[in-house]
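I opened my notebook to look up some charged side chains and their partners. The entries follow in the order I made them.

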2 protein chains.
Amino acid sequence: MRPSACFAATAAVVLACRPAATPPPDTSTAARAAIDAANANWPRLTATGHADSIADFYRADAVLLPPNMSPVHGRDSIRAFFAVMNAMAGATLTLRGESVWASGPSAVELGRWTFTWPDSARRPPGVPPVDSGKYLVRWVEENGQWLMAQDIWNSDLALPTTPR
Amino acid sequence: MRPSACFAATAAVVLACRPAATPPPDTSTAARAAIDAANANWPRLTATGHADSIADFYRADAVLLPPNMSPVHGRDSIRAFFAVMNAMAGATLTLRGESVWASGPSAVELGRWTFTWPDSARRPPGVPPVDSGKYLVRWVEENGQWLMAQDIWNSDLALPTTPR
(Lines give C-alpha, C1' and ligand atoms only; values in the text may rest on other atoms or scores of the structure.)
Protein backbone atom coordinates (compact mmCIF):
# COMPACT_ATOMS: atom_id res chain seq x y z
CA MET A 1 0.00 0.00 0.00
CA ARG A 2 1.34 3.45 -0.90
CA PRO A 3 1.75 5.96 1.96
CA SER A 4 -0.96 8.19 0.50
CA ALA A 5 -3.40 5.26 0.35
CA CYS A 6 -2.47 4.34 3.89
CA PHE A 7 -3.13 7.90 5.03
CA ALA A 8 -6.50 7.92 3.30
CA ALA A 9 -7.48 4.59 4.86
CA THR A 10 -6.43 5.73 8.32
CA ALA A 11 -8.21 9.06 7.92
CA ALA A 12 -11.38 7.23 6.89
CA VAL A 13 -11.21 5.06 9.99
CA VAL A 14 -10.62 8.07 12.24
CA LEU A 15 -13.51 10.01 10.72
CA ALA A 16 -15.80 6.99 10.96
CA CYS A 17 -15.27 6.61 14.69
CA ARG A 18 -15.18 10.17 15.99
CA PRO A 19 -16.83 10.38 19.42
CA ALA A 20 -19.58 12.61 18.05
CA ALA A 21 -20.57 9.88 15.61
CA THR A 22 -20.48 7.14 18.22
CA PRO A 23 -23.72 6.72 20.16
CA PRO A 24 -23.31 6.10 23.88
CA PRO A 25 -22.83 2.39 24.50
CA ASP A 26 -26.13 0.68 25.20
CA THR A 27 -25.67 -0.95 28.59
CA SER A 28 -29.39 -1.65 29.00
CA THR A 29 -29.07 -5.42 29.20
CA ALA A 30 -26.37 -5.37 31.88
CA ALA A 31 -28.09 -2.56 33.78
CA ARG A 32 -31.45 -4.29 33.64
CA ALA A 33 -29.99 -7.54 34.98
CA ALA A 34 -28.19 -5.77 37.82
CA ILE A 35 -31.23 -3.67 38.74
CA ASP A 36 -33.58 -6.67 38.72
CA ALA A 37 -31.12 -8.59 40.90
CA ALA A 38 -30.89 -5.72 43.41
CA ASN A 39 -34.65 -5.20 43.52
CA ALA A 40 -35.27 -8.92 44.11
CA ASN A 41 -33.82 -8.54 47.62
CA TRP A 42 -36.37 -6.02 48.87
CA PRO A 43 -39.28 -8.36 49.78
CA ARG A 44 -37.04 -10.66 51.82
CA LEU A 45 -35.19 -7.84 53.60
CA THR A 46 -38.37 -5.99 54.52
CA ALA A 47 -40.35 -9.08 55.52
CA THR A 48 -37.59 -10.36 57.82
CA GLY A 49 -36.90 -7.10 59.63
CA HIS A 50 -33.67 -6.27 57.78
CA ALA A 51 -34.88 -3.27 55.80
CA ASP A 52 -31.84 -1.28 56.93
CA SER A 53 -29.70 -3.46 54.63
CA ILE A 54 -31.48 -1.88 51.67
CA ALA A 55 -29.08 1.06 52.14
CA ASP A 56 -26.35 -1.07 50.57
CA PHE A 57 -28.05 -0.67 47.17
CA TYR A 58 -27.43 3.12 47.29
CA ARG A 59 -24.32 5.17 46.56
CA ALA A 60 -22.55 6.72 49.52
CA ASP A 61 -23.79 10.16 48.39
CA ALA A 62 -27.24 9.03 47.21
CA VAL A 63 -30.36 11.11 47.78
CA LEU A 64 -33.68 9.55 48.81
CA LEU A 65 -36.75 11.64 47.95
CA PRO A 66 -39.67 10.23 50.00
CA PRO A 67 -43.21 11.63 49.83
CA ASN A 68 -44.28 14.05 52.53
CA MET A 69 -40.89 14.61 54.09
CA SER A 70 -37.62 16.33 53.26
CA PRO A 71 -34.94 14.63 51.13
CA VAL A 72 -32.65 12.14 52.87
CA HIS A 73 -28.97 12.67 51.99
CA GLY A 74 -26.28 9.97 52.14
CA ARG A 75 -26.20 6.23 52.74
CA ASP A 76 -26.00 6.51 56.55
CA SER A 77 -29.18 8.60 56.69
CA ILE A 78 -30.82 6.30 54.15
CA ARG A 79 -29.97 3.34 56.40
CA ALA A 80 -31.64 5.11 59.33
CA PHE A 81 -34.69 5.81 57.14
CA PHE A 82 -35.13 2.15 56.25
CA ALA A 83 -34.24 0.95 59.76
CA VAL A 84 -37.60 2.31 60.92
CA MET A 85 -39.15 -0.47 58.84
CA ASN A 86 -37.26 -3.18 60.75
CA ALA A 87 -39.91 -2.99 63.46
CA MET A 88 -42.63 -3.61 60.87
CA ALA A 89 -41.33 -7.12 60.06
CA GLY A 90 -43.94 -8.98 58.06
CA ALA A 91 -44.92 -5.98 56.02
CA THR A 92 -43.37 -6.54 52.60
CA LEU A 93 -42.13 -4.02 50.04
CA THR A 94 -41.92 -5.36 46.49
CA LEU A 95 -40.40 -3.55 43.50
CA ARG A 96 -41.04 -4.21 39.82
CA GLY A 97 -38.97 -2.41 37.20
CA GLU A 98 -41.11 -1.61 34.17
CA SER A 99 -38.54 0.19 31.97
CA VAL A 100 -34.80 0.76 32.09
CA TRP A 101 -33.00 3.25 29.85
CA ALA A 102 -29.20 2.97 30.06
CA SER A 103 -26.38 4.91 28.51
CA GLY A 104 -22.83 4.02 29.46
CA PRO A 105 -22.44 4.00 33.25
CA SER A 106 -25.85 5.49 34.10
CA ALA A 107 -29.42 4.27 33.80
CA VAL A 108 -32.95 5.38 34.66
CA GLU A 109 -35.50 2.89 35.96
CA LEU A 110 -39.26 3.47 35.99
CA GLY A 111 -41.08 0.98 38.15
CA ARG A 112 -43.87 0.15 40.53
CA TRP A 113 -43.76 -0.59 44.27
CA THR A 114 -46.25 -2.47 46.43
CA PHE A 115 -46.35 -2.43 50.22
CA THR A 116 -48.48 -5.16 51.80
CA TRP A 117 -49.32 -5.89 55.43
CA PRO A 118 -50.27 -9.48 56.23
CA ASP A 119 -52.93 -9.90 58.91
CA SER A 120 -50.23 -11.11 61.31
CA ALA A 121 -48.17 -7.90 61.04
CA ARG A 122 -48.85 -5.10 63.52
CA ARG A 123 -50.16 -2.45 61.19
CA PRO A 124 -50.17 1.06 62.69
CA PRO A 125 -53.54 2.83 62.85
CA GLY A 126 -54.40 4.73 59.70
CA VAL A 127 -52.02 2.76 57.49
CA PRO A 128 -53.81 1.01 54.60
CA PRO A 129 -53.35 -2.80 54.30
CA VAL A 130 -52.03 -2.39 50.77
CA ASP A 131 -50.37 0.68 49.26
CA SER A 132 -48.78 0.93 45.84
CA GLY A 133 -47.42 3.47 43.42
CA LYS A 134 -44.61 4.37 41.08
CA TYR A 135 -40.94 5.28 41.35
CA LEU A 136 -38.14 6.72 39.22
CA VAL A 137 -34.53 5.89 40.05
CA ARG A 138 -31.25 7.06 38.55
CA TRP A 139 -28.64 4.30 38.77
CA VAL A 140 -24.87 4.69 38.35
CA GLU A 141 -22.29 1.96 37.71
CA GLU A 142 -19.20 2.20 39.89
CA ASN A 143 -16.44 -0.43 39.78
CA GLY A 144 -18.77 -2.87 38.07
CA GLN A 145 -21.62 -2.39 40.56
CA TRP A 146 -24.88 -0.58 39.78
CA LEU A 147 -26.04 1.59 42.70
CA MET A 148 -28.95 3.99 43.18
CA ALA A 149 -27.98 7.67 43.14
CA GLN A 150 -31.43 9.36 43.23
CA ASP A 151 -34.67 7.61 44.20
CA ILE A 152 -38.12 9.21 44.23
CA TRP A 153 -41.55 7.66 44.57
CA ASN A 154 -45.16 8.39 45.42
CA SER A 155 -48.41 6.53 46.02
CA ASP A 156 -51.38 5.96 43.73
CA LEU A 157 -53.72 6.13 46.74
CA ALA A 158 -55.89 9.24 46.94
CA LEU A 159 -55.39 11.44 49.98
CA PRO A 160 -58.14 11.77 52.56
CA THR A 161 -60.38 14.72 51.78
CA THR A 162 -60.07 16.25 55.23
CA PRO A 163 -58.29 19.60 55.31
CA ARG A 164 -54.65 19.54 56.29
CA MET B 1 5.21 3.54 4.82
CA ARG B 2 5.33 -0.23 4.41
CA PRO B 3 2.00 -2.07 4.19
CA SER B 4 2.67 -3.84 7.49
CA ALA B 5 3.38 -0.53 9.23
CA CYS B 6 0.22 0.92 7.70
CA PHE B 7 -1.80 -2.04 9.01
CA ALA B 8 -0.35 -1.64 12.47
CA ALA B 9 -1.08 2.10 12.49
CA THR B 10 -4.65 1.56 11.31
CA ALA B 11 -5.22 -1.22 13.84
CA ALA B 12 -3.94 1.03 16.61
CA VAL B 13 -6.39 3.76 15.59
CA VAL B 14 -9.30 1.31 15.41
CA LEU B 15 -8.52 -0.16 18.83
CA ALA B 16 -8.08 3.29 20.33
CA CYS B 17 -11.52 4.45 19.29
CA ARG B 18 -13.75 1.43 19.85
CA PRO B 19 -17.19 2.48 21.09
CA ALA B 20 -16.53 0.82 24.46
CA ALA B 21 -13.58 3.16 24.99
CA THR B 22 -15.53 6.29 23.98
CA PRO B 23 -17.46 7.89 26.82
CA PRO B 24 -20.97 9.06 25.92
CA PRO B 25 -20.86 12.65 24.70
CA ASP B 26 -21.44 15.07 27.56
CA THR B 27 -24.44 17.15 26.51
CA SER B 28 -24.94 18.59 30.00
CA THR B 29 -24.42 22.22 29.01
CA ALA B 30 -26.90 22.14 26.12
CA ALA B 31 -29.39 20.05 28.11
CA ARG B 32 -29.13 22.33 31.13
CA ALA B 33 -29.76 25.44 29.02
CA ALA B 34 -32.77 23.88 27.28
CA ILE B 35 -34.23 22.57 30.55
CA ASP B 36 -33.81 25.91 32.34
CA ALA B 37 -35.46 27.68 29.38
CA ALA B 38 -38.43 25.29 29.41
CA ASN B 39 -38.85 25.51 33.19
CA ALA B 40 -38.79 29.32 33.10
CA ASN B 41 -42.23 29.27 31.41
CA TRP B 42 -44.08 27.53 34.22
CA PRO B 43 -44.71 30.49 36.60
CA ARG B 44 -46.15 32.64 33.79
CA LEU B 45 -48.31 29.87 32.31
CA THR B 46 -49.74 28.82 35.66
CA ALA B 47 -50.28 32.36 36.97
CA THR B 48 -52.13 33.47 33.83
CA GLY B 49 -54.48 30.49 33.51
CA HIS B 50 -52.60 28.77 30.68
CA ALA B 51 -51.30 25.77 32.57
CA ASP B 52 -52.57 23.47 29.81
CA SER B 53 -49.77 24.79 27.57
CA ILE B 54 -47.28 23.09 29.87
CA ALA B 55 -48.13 19.89 27.97
CA ASP B 56 -46.02 21.17 25.07
CA PHE B 57 -42.88 20.53 27.12
CA TYR B 58 -43.65 16.77 27.16
CA ARG B 59 -43.11 14.09 24.53
CA ALA B 60 -46.20 12.75 22.79
CA ASP B 61 -45.80 9.46 24.69
CA ALA B 62 -44.65 10.99 27.99
CA VAL B 63 -45.78 9.66 31.35
CA LEU B 64 -46.70 11.95 34.24
CA LEU B 65 -46.46 10.35 37.69
CA PRO B 66 -48.38 12.59 40.12
CA PRO B 67 -48.70 11.89 43.83
CA ASN B 68 -51.87 10.19 45.04
CA MET B 69 -53.29 9.29 41.67
CA SER B 70 -52.57 6.86 38.83
CA PRO B 71 -50.00 7.66 36.11
CA VAL B 72 -51.11 9.93 33.29
CA HIS B 73 -50.11 8.60 29.85
CA GLY B 74 -49.61 10.74 26.73
CA ARG B 75 -49.50 14.45 25.98
CA ASP B 76 -53.26 14.79 25.47
CA SER B 77 -54.00 13.39 28.92
CA ILE B 78 -51.17 15.47 30.37
CA ARG B 79 -52.78 18.57 28.83
CA ALA B 80 -56.10 17.68 30.49
CA PHE B 81 -54.26 17.17 33.80
CA PHE B 82 -52.74 20.65 33.71
CA ALA B 83 -55.91 22.24 32.29
CA VAL B 84 -57.50 21.75 35.72
CA MET B 85 -55.06 24.38 36.95
CA ASN B 86 -56.31 26.98 34.45
CA ALA B 87 -59.18 27.75 36.82
CA MET B 88 -56.68 28.41 39.63
CA ALA B 89 -55.17 31.42 37.83
CA GLY B 90 -53.02 33.36 40.27
CA ALA B 91 -51.63 30.28 41.92
CA THR B 92 -48.09 29.94 40.65
CA LEU B 93 -45.97 26.86 40.10
CA THR B 94 -42.22 27.50 40.00
CA LEU B 95 -39.51 24.96 39.10
CA ARG B 96 -35.82 25.11 39.97
CA GLY B 97 -33.46 22.52 38.48
CA GLU B 98 -30.77 21.63 41.00
CA SER B 99 -28.79 19.05 39.01
CA VAL B 100 -28.76 17.82 35.42
CA TRP B 101 -26.91 14.68 34.30
CA ALA B 102 -26.84 14.29 30.52
CA SER B 103 -25.50 11.60 28.21
CA GLY B 104 -26.05 11.99 24.49
CA PRO B 105 -29.74 12.59 23.74
CA SER B 106 -31.06 11.92 27.27
CA ALA B 107 -30.77 13.71 30.59
CA VAL B 108 -32.02 13.44 34.15
CA GLU B 109 -32.99 16.54 36.12
CA LEU B 110 -33.37 16.69 39.89
CA GLY B 111 -35.15 19.81 41.06
CA ARG B 112 -37.50 21.51 43.43
CA TRP B 113 -41.02 22.86 42.84
CA THR B 114 -42.95 25.50 44.76
CA PHE B 115 -46.69 26.12 44.50
CA THR B 116 -47.88 29.40 45.98
CA TRP B 117 -51.37 30.89 46.33
CA PRO B 118 -51.55 34.66 46.60
CA ASP B 119 -54.27 36.00 48.86
CA SER B 120 -56.21 37.08 45.77
CA ALA B 121 -56.42 33.58 44.31
CA ARG B 122 -59.41 31.42 45.19
CA ARG B 123 -57.69 28.69 47.15
CA PRO B 124 -59.81 25.55 47.60
CA PRO B 125 -60.54 24.47 51.18
CA GLY B 126 -57.86 22.27 52.65
CA VAL B 127 -55.16 23.38 50.22
CA PRO B 128 -52.13 24.90 51.96
CA PRO B 129 -51.09 28.46 50.90
CA VAL B 130 -47.60 27.21 50.01
CA ASP B 131 -46.59 23.68 49.05
CA SER B 132 -43.18 22.57 47.87
CA GLY B 133 -41.18 19.46 47.19
CA LYS B 134 -38.86 17.67 44.81
CA TYR B 135 -39.06 16.15 41.34
CA LEU B 136 -37.07 13.88 39.04
CA VAL B 137 -37.52 14.16 35.28
CA ARG B 138 -36.05 12.16 32.40
CA TRP B 139 -35.59 14.39 29.35
CA VAL B 140 -35.01 13.24 25.76
CA GLU B 141 -33.71 15.28 22.85
CA GLU B 142 -35.71 14.85 19.63
CA ASN B 143 -34.97 16.86 16.49
CA GLY B 144 -32.97 19.36 18.50
CA GLN B 145 -35.67 19.86 21.14
CA TRP B 146 -35.44 18.60 24.72
CA LEU B 147 -38.77 17.20 25.98
CA MET B 148 -39.87 15.51 29.19
CA ALA B 149 -40.44 11.76 28.88
CA GLN B 150 -41.06 10.77 32.52
CA ASP B 151 -41.90 13.22 35.31
CA ILE B 152 -42.43 12.31 38.98
CA TRP B 153 -42.69 14.52 42.05
CA ASN B 154 -43.90 14.61 45.63
CA SER B 155 -44.35 17.12 48.44
CA ASP B 156 -42.19 17.81 51.47
CA LEU B 157 -45.32 18.60 53.51
CA ALA B 158 -46.23 16.03 56.14
CA LEU B 159 -49.59 14.32 55.72
CA PRO B 160 -52.37 14.94 58.21
CA THR B 161 -52.29 12.38 60.98
CA THR B 162 -55.96 11.43 60.59
CA PRO B 163 -56.55 7.85 59.42
CA ARG B 164 -57.29 7.38 55.73
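I looked up A:Arg59 and found it buried, since its relative accessible area is 18% (buried means under 20%, exposed over 50%, partly exposed in between, with a 1.4 Å probe and protein chains only). The model is predicted, so I kept to its limits: local features need pLDDT of at least 70, side-chain atom pairs count only at pLDDT 80 or more, and totals for chains, interfaces and linings use all residues. Residues are numbered from 1 along each chain as its sequence is written, chains are lettered from A and ligands numbered from 1 in the order in which they are written, and side-chain values use heavy atoms, with hydrogens and water left out.

I placed A:Arg59 in strand 1 of chain A, residues 58–65 (strands are DSSP runs of E, at least two residues, numbered from the N terminus). Beyond its neighbours within four places in sequence, A:Arg59 has contacts that include A:Arg75, A:Val140 and A:Glu142 (contact means heavy atoms within 4.5 Å).

Next I looked up salt bridges (a side-chain nitrogen of Lys or Arg within 4 Å of a carboxyl oxygen of Asp or Glu). I noted 14 of them over all chains. A network of salt bridges links A:Arg59, A:Asp61 and A:Glu142.

B:Arg59 sits in strand 1 and B:Glu142 in strand 5, 83 residues apart. B:Arg59 is buried at 18%, and B:Glu142 is partly exposed at 30%.

My last pair was A:Asp156 and A:Arg112, a salt bridge with its closest N and O atoms 2.7 Å apart. Both residues, A:Asp156 and A:Arg112, are buried.

Conventions:
Helix = DSSP H or I, 4+ residues; strand = E, 2+ residues; numbered from the N terminus.
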